[in-house]
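I opened the model to go through its strands, charged pairs and core. My entries follow in the order of looking.

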Amino acid sequence: MTCAQNPVKIDVLDSKDRLAFSWPKSVTYSDGSVSDGVTFTIVSVDGLTLSLRRDRDGVKASIAVAPDGKSFQYEEAGPNEGSRFDRCEGLSS
């Protein structure tokens with residue numbers, strides 16, 4: 001998901017231990033499900049890496065933020081999962 005095609009917005013929820021990812025265009029996944037957002041519970045933090053648990057199904061995931069803070073690598077527990085998201089200029093502070 002690129003900024004031009006479908007920018008991802010990440011919010012820290014009120015509890016400060018959860019993240020919400022959202023995007024303007026719904027995405028259809030390989031299992032046929034459709035979504036325009038997902039929430040995660042932050043399980044632990046180690047430097048620039050967040051260990052997460054997806055709220056809807058408990059799938060483990062992680063985010064490793066690049067040292068410059070402009071991108072991060074997202075990975076899920078499944079062997080064929082994962083995406084790269086780049087920070088969108090002008091959309092983040």
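**Entry 1**

I looked up Arg54 and found it buried, at a relative accessible area of 9%; buried means under 20% relative accessible area, exposed over 50%, and partly exposed in between, with a 1.4 Å probe and protein chains only. I note that this is a predicted model, in which local features need pLDDT of at least 70 and side-chain atom pairs count only at pLDDT 80 or more, while totals for chains, interfaces and linings use all residues. Residues are numbered from 1 along each chain as its sequence is written, and side-chain values use heavy atoms, with hydrogens and water left out.

The side chain of Arg54 meets that of Asp57 in a salt bridge, 2.8 Å from N to O. I count a salt bridge when a side-chain nitrogen of Lys or Arg is within 4 Å of a carboxyl oxygen of Asp or Glu. Asp57 is partly exposed, with a relative accessible area of 40%.

**Entry 2: other salt bridges**

I asked how many salt bridges the rule gives. The count is five. One of them joins the side chains of Lys9 and Asp11, at 3.9 Å from N to O. Asp11 has 30% relative accessibility and counts as partly exposed.

I then checked Arg18, which forms a salt bridge with Asp55; their closest N and O atoms are 2.8 Å apart. Arg18 lies in strand β2 (residues 18–28) and Asp55 in the loop between β4 (49–54) and β5, so the pair ties together parts that are 37 residues apart in sequence. I read strands (E, at least two residues) and helices (H or I, at least four) as DSSP runs, numbered from the N terminus. Arg18 is partly exposed at 28% relative accessibility, and Asp55 is partly exposed at 30%.

**Entry 3: Thr41**

Which strand holds Thr41? I found Thr41 in strand β3, which covers residues 34–46. Thr41 is buried, with a relative accessible area of 15%. Its side chain makes a polar contact of 2.8 Å with the side chain of Asp55. For a polar contact I need a pair of N or O atoms within 3.5 Å; within protein, one must be able to donate a hydrogen and the other to accept it, and residues adjacent in sequence count only if both atoms are side-chain atoms.

Contact means heavy atoms within 4.5 Å. Not counting residues up to four places away in sequence, Thr41 touches Asp17, Arg18, Ser51, Leu52, Arg53 and Asp55. Arg53 is also the bridge partner of Thr41 in β4.

**Entry 4: strands and pairing**

I listed the elements of the protein chain and found zero helices and seven strands. I took two strands as paired if DSSP finds at least two bridges between them. β2 and β3 pair in the antiparallel sense over seven bridges, and Ser22 stands opposite Gly37 in β3. β3 and β4 also run antiparallel, joined by six bridges. Two residues lie between the strands of the β3 and β4 hairpin, where Gly47 takes a positive phi near 65°.

Strand β5 (residues 60–65) is joined to the antiparallel strand β6 (residues 71–76) by five bridges. The bridge partner of Val65 in β6 is Phe72. I found five residues between β5 and β6 in their hairpin, and Gly69 in that turn has a positive phi of about 75°.

**Entry 5: the core**

I looked for nonpolar cores, meaning sets of buried Ala, Val, Leu, Ile, Met, Phe, Trp, Tyr and Cys residues joined through side-chain atoms within 4.5 Å. The largest one has 12 residues, including Val8, Trp23, Phe40, Leu50, Ala61, Phe72 and Tyr74. At least two residues of this core come from each of β2, β3, β4, β5 and β6. β2 gives the largest share, three residues.

I followed Ala61 further. Leaving aside neighbours within four places in sequence, Ala61 is in contact with Phe40, Leu50, Ser51, Leu52, Tyr74, Glu75 and Glu76.

**Entry 6: whole chain**

The protein chain has 93 residues, and buried ones make up 23% of them. I noted that residues 24 or more positions apart account for 14% of the contacts with a separation of 6 or more.
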